[in-house]
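Please have your viewer open and follow along.

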Amino acid sequence: MHASADVELVVVPGPEEAAAAAADVLARSARAGGSIVLAGGTTPRRAYELAAAACPDWGSAQAWFGDERCVARGDPRSNELLVRRALLDRLAVPPTVHAVPTELSPAAAAAAYDRALRGVRLDLALLGLGADGHTASLFPNAPSLTERDRLAVAAAPGLPPPVERVTMTIPALASAGRVVFLATGTDKADAARRAFAEPPSPATPASLVRSARGTTTAILDEAAAALLPIA
Ligand SMILES: O=C1O[C@H](COP(=O)(O)O)[C@@H](O)[C@H](O)[C@H]1O
């Protein structure tokens, strides 16, 4: 384990070990009845499978989505579909799931998610990291990065798939007691360096997301950590 200025770095040999480390964090929070923000994309799939096996009862937990693509619920680009297949459908007892209402317009869905999040104390936010430095659907230099009041906003796609997004904002994600990034592979190495070893910058949105009341951890495999100045 290593520490950069404000992020605890957990570097493990490969993607399977990274998934296991993230799954352990998820399972512990689920057992404790946490309010858990889940990442989309593809990287967390294995972590979700392992978390479901380690803790099949998420009955006292709440599941939220850090971001969602504005597509139908069964669309393969949907983050909810990934989470359902890899995690929720494998559980004996599912959590209460707070899905983004993608049947609404992006603005209306974001407003509804913002209302749903009001007064919620988030315990854990599991986040991904794009090769461009984005996290959730907070893309480089996007207007969403300066949002200070709303907890969820609509966002233009910064990368494929080219669909509108709904994303939790930095104040929402930073309110989580524990923020955990999960990134693997050489294509994430430069983004990981910028996010976890350089000064915060809107060019690298992940560098702007830190828990305001707890800890921030980055679980990286050796490939993703290759450009980090680790002693
Ligand atoms: O578009 C997205 O990308 C990020 C990163 O995904 P990954 O598959 O490269 O890890 C993800 O965290 C986010 O939820 C998703 O909507």
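The report below takes a helix pair to start with and then turns to a sheet.

Please keep in mind that this is a predicted model. Two packed helices are described by the angle between their axes and the distance between the axes. For H1 (residues 15-31) and H2 (residues 45-54), the axes come within 7 Å and cross at roughly 45°. The crossing of H1 and H2 is right-handed.

Which residues in H1 and H2 meet? On the H1 side they are Glu16, Ala19, Ala20, Ala22, Ala23, Leu26, Ala27 and Arg31, while H2 brings Arg46, Ala47, Tyr48, Leu50, Ala51 and Ala54. Sorted by class, this contact of H1 with H2 has 11 nonpolar and 3 charged residues, with no polar ones.

Now for the sheet. Its 3 strands form an open sheet with antiparallel pairing, in the order S5-S9-S8.

| Strand | Residues |
|---|---|
| S5 | 67-69 |
| S9 | 165-168 |
| S8 | 152-155 |

S5 and S8 stand at the edges with a single partner strand each, so one side of each has no neighbour in the sheet. From one strand to the next, the twist averages 20°. The antiparallel pairing of S5 with S9 runs over 3 bridges, and Asp67 has Thr167 in S9 as its bridge partner. Helix H4 (residues 106-117) packs on the sheet and touches S8 and S9. The direction of H4 makes about 160° with that of S8.

Key. Residues are numbered from 1 along each chain as its sequence is written. This is a predicted model: local features need pLDDT of at least 70, side-chain atom pairs count only at pLDDT 80 or more; totals for chains, interfaces and linings use all residues. Side-chain values use heavy atoms; hydrogens and water are left out. Axes are lines fitted to C-alpha atoms, for helices over the stretch in contact, and angles run from 0 to 180 degrees between N-to-C directions. Helices (H or I, at least four residues) and strands (E, at least two) are DSSP runs, numbered from the N terminus. A crossing is left-handed if the near helix is turned anticlockwise from the far one by less than a right angle, and right-handed if clockwise. Contact means heavy atoms within 4.5 Å. Ala, Val, Leu, Ile, Met, Phe, Trp, Tyr, Cys and Pro count as nonpolar, Asp, Glu, Lys and Arg as charged, and the others, Gly among them, as polar. Two strands pair if DSSP finds at least two bridges between them.
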